[in-house]
Amino acid sequence: MSKYYLTTAIPYPSGEPHVGHSFEMIAADAVVRFKRLRGVDAYFLGGLDENSQRVSRQAAEAGVDTMDYVDEAAERFQSVWNSVDVEFDDFVRTTEPRHHVTVNEFFARVLAQGDIYEGDYEGWYCVPCEAFYTDDDLVDGCCPFHNAKPEWVTERNYFFRMSKYQDAIAAHYEAHPDFVYPETRRNEMLGIIRQGLRDFSISRASLTWGIPLPNDPAQRIYVWFDALINYITGVGFGQNGGETAFERWWPAEAHVIGKDIVRFHALYWPTMLMSAGLPLPRQIVVHGWVDYEGAPMSQTSGHIVRPADVIERHGSDALRYYLLREVPFDRDGDFKWANMSRRYQDDLGNDLGNLVLRTTSMLGRYFDGVVPPADEPSEVESELRAAAEKAWTLAEGHFESWRLHLALGATFDFVSAVNRYIDRTEPWRLARDPAQRERLGTVLGAALEAVRHIAIQIQPAMPRTSTAILGRLGLPPAGPGDWGAGGWTGLPAGHRAPGGAALFPRIEAA
Ligand code: MSP
C-alpha cells in the first residue's frame, strides 16, 4: 500500500489559534482524508513550537512558569483542532523529552560532519519571527513581517555551515522542479540561492529556555533549528525502537506551511537534512494567508476570528467548507462574515441541504423510505451519471494538486447538476400518475445514488456532513478506499433510507 506522510507547521503557543492557523490545518487534514479515501496509508503530524524566546517572555509577563504556560497553551490549541475535526495521528510538543532525544541525535550527525562552528553573531533579531535579519532584509528598518524594529544582537554563537550545501541544494531544485509549490515560492527561493547561501546561527547565548546545545550547554538551540526537527521526531528518528516508524514514513511527502516561513523549510531544513545524511521531503507546499474583513489578522491588536465564534453560528463543517472553497490555497484569501453567511445559506443550505432533504423525503413520501427497483435509465440518467464521473475526475485532480477550492467547486457543480436533474424530471408530477410509478422509482433511485456520491466526495472537506448524509441514506460513514463510491451502483432495491432533519437550517438573524 502506498504511503503518504503529511505535516503542518507547528504554531507558537501564544494567544489563540485563529481561522488563519486553522486554514492550514484544515487544508492539510482534508488532503489526508482524501488520500485515505483513495486507499493510501496516510500519517498526519501536527505539533506546537514551544521553545521560542517569545513564549518565555510572554510567560514572564504573565507571571507564570513557562512550562505551565505552554502546558496550558497545548491544551488550548489541541482543543481548537478537535473542534474543527483536524485529526492528527501524532502531535509533537517540542518540550517533550522524545523531541530532545531526536534533536540530540540529529545534532550529533551534523556536528560529526564538521558543519557546526563557533563564531560571532552581530545583527538583527526579530522575536515575533524568531528570525535573524540583515540590514538588507529590513523594510524601513523594520521586520518585513511584523512592522516592528528588531533587536540588535551581538553574541558568541554556533553556526551551521549552510553555504557548504549551496551547489547541492541548487542541484536538488534543478532535479526536482516541484520541490517547492507553487512556482512563485520556488522562484523566490531560487533567487536567494543565486545570491549565495549564508551560514546561519543555530544557538542563542542569552537564553535560559529552550533545548541546551549538546556541545555547549550554556547555549540554547536556536528555536527554528529545533522546531524543524519535529518532522522527524514525530516518526521516531533516533528514538529507541523508533527506527521502524522512521523507515516507514520518512521522507515526508509534503510539509504544508504558510508563505512567511518558506526559507526555513525550503533552504534551512533541506540543507540540515543533507548534512545529517537524511533524505529530503518530497515537497514543500506553501499556502497564502487568510485576512479578516480585508486586513491581516493580528493577535496583538485582537483583529482575529476565532474558530469557536464561527462554529457557534454555522458549525465546524461550514467553517471548513468556507475556508477551503473561498481561499485559493496558494493565494491570500479573506474571511468575511457576509460571505460566510452567504456560503452557508446558498451552497450548504439551499443547494446541498435541500437536495438531501428533498430526495430522502420524496423516498419517504412515495415509497415509505424503501428504495424501489430501478427501471431502464433514460438519457437524463446517463447525463447525471456522466456528471458524477466528471466530478470525481476533476475533484481528484484538484486534490492531488492542492487546488482545493476547485475540487469543492467541481463537487458543488455536481450538486447543482443533481438539483437540475430533479427539476427536469419532476418526480412530484410523476407521483401523481400511477402509470409512471416505475419511472418515479428510477428517478428517485438515480437522485439518491447521486446524493450518495456527493456524500462521499465531500468527506475530506466536511466529514460530519458526509456521515450525516450517509446516515440519512441508511449507509455507514465513508471509509478507506471509498473514493469513487465504488462506481454508479445504485442503492439496492429494498434498502431503507431513513432520511432525517434538514442539514444547514436557516439561521434567524440575531
Ligand atoms: N512556529 C513557527 C512554525 C514552525 S514549523 C517547524 C510559526 N508559527 S506561527 O504560529 O507563526 O504560524 C504557524 C502557521 O500558521 C504558519 O504556517 C503560518 O504561515 C500560518 N499562519 C499564521 N497566520 C496565518 C493567516 N492569517 N493565514 C493563514 N495562515 C497563517 O511560524
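Modeller: Start with the labels: helices (H or I, at least four residues) and strands (E, at least two) are DSSP runs, numbered from the N terminus. This is a predicted model, where local features need pLDDT of at least 70 and side-chain atom pairs count only at pLDDT 80 or more, while totals for chains, interfaces and linings use all residues. Residues are numbered from 1 along each chain as its sequence is written, and side-chain values use heavy atoms, with hydrogens and water left out.

Biologist: Which of the 22 residues around the ligand come nearest?

Modeller: I10, E24, D49, D260 and V290. By type, the shell has eleven nonpolar residues, eight polar and three charged. Asp, Glu, Lys and Arg count as charged; Ala, Val, Leu, Ile, Met, Phe, Trp, Tyr, Cys and Pro as nonpolar; the others, Gly among them, as polar.

Biologist: What lies 2.5 Å from an oxygen atom of the ligand?

Modeller: A polar side-chain atom of E24. A polar contact is a pair of N or O atoms within 3.5 Å. I10 uses its backbone: a polar atom there is 2.8 Å from a ligand nitrogen. D49 uses its side chain, with a polar atom 2.7 Å from a nitrogen of the ligand. On its own the ligand has 660 Å² of accessible area (Shrake-Rupley method, 1.4 Å probe). The protein covers 95% of that area.

Biologist: In what order do the four strands of the open sheet run?

Modeller: Strands of a sheet pair through backbone hydrogen bonds, either parallel or antiparallel. To count as a pair, two strands need at least two DSSP bridges between them. Here the order is β5-β4-β6-β8, with antiparallel pairing. β5 (131-133) and β8 (200-201) are the edge strands, each pairing on one side only. Inside, β4 (residues 116-126) and β6 (residues 151-160) are joined by ten bridges. One example: E122 has T154 in β6 as its bridge partner.

Biologist: How many disulfides does the structure hold?

Modeller: A disulfide is a covalent bond between the sulfur atoms of two cysteines. The cut-off is a sulfur pair within 2.5 Å. This structure holds zero.

Biologist: Is C129 buried or exposed?

Modeller: Buried means under 20% relative accessible area, exposed over 50%, partly exposed in between (1.4 Å probe, protein chains only). C129 is buried at 12%, and C142 is buried at 17%.

Conventions: Near = heavy atom within 4 Å. Polar contact = N/O pair within 3.5 Å; in protein donor to acceptor, adjacent residues only side chain to side chain.
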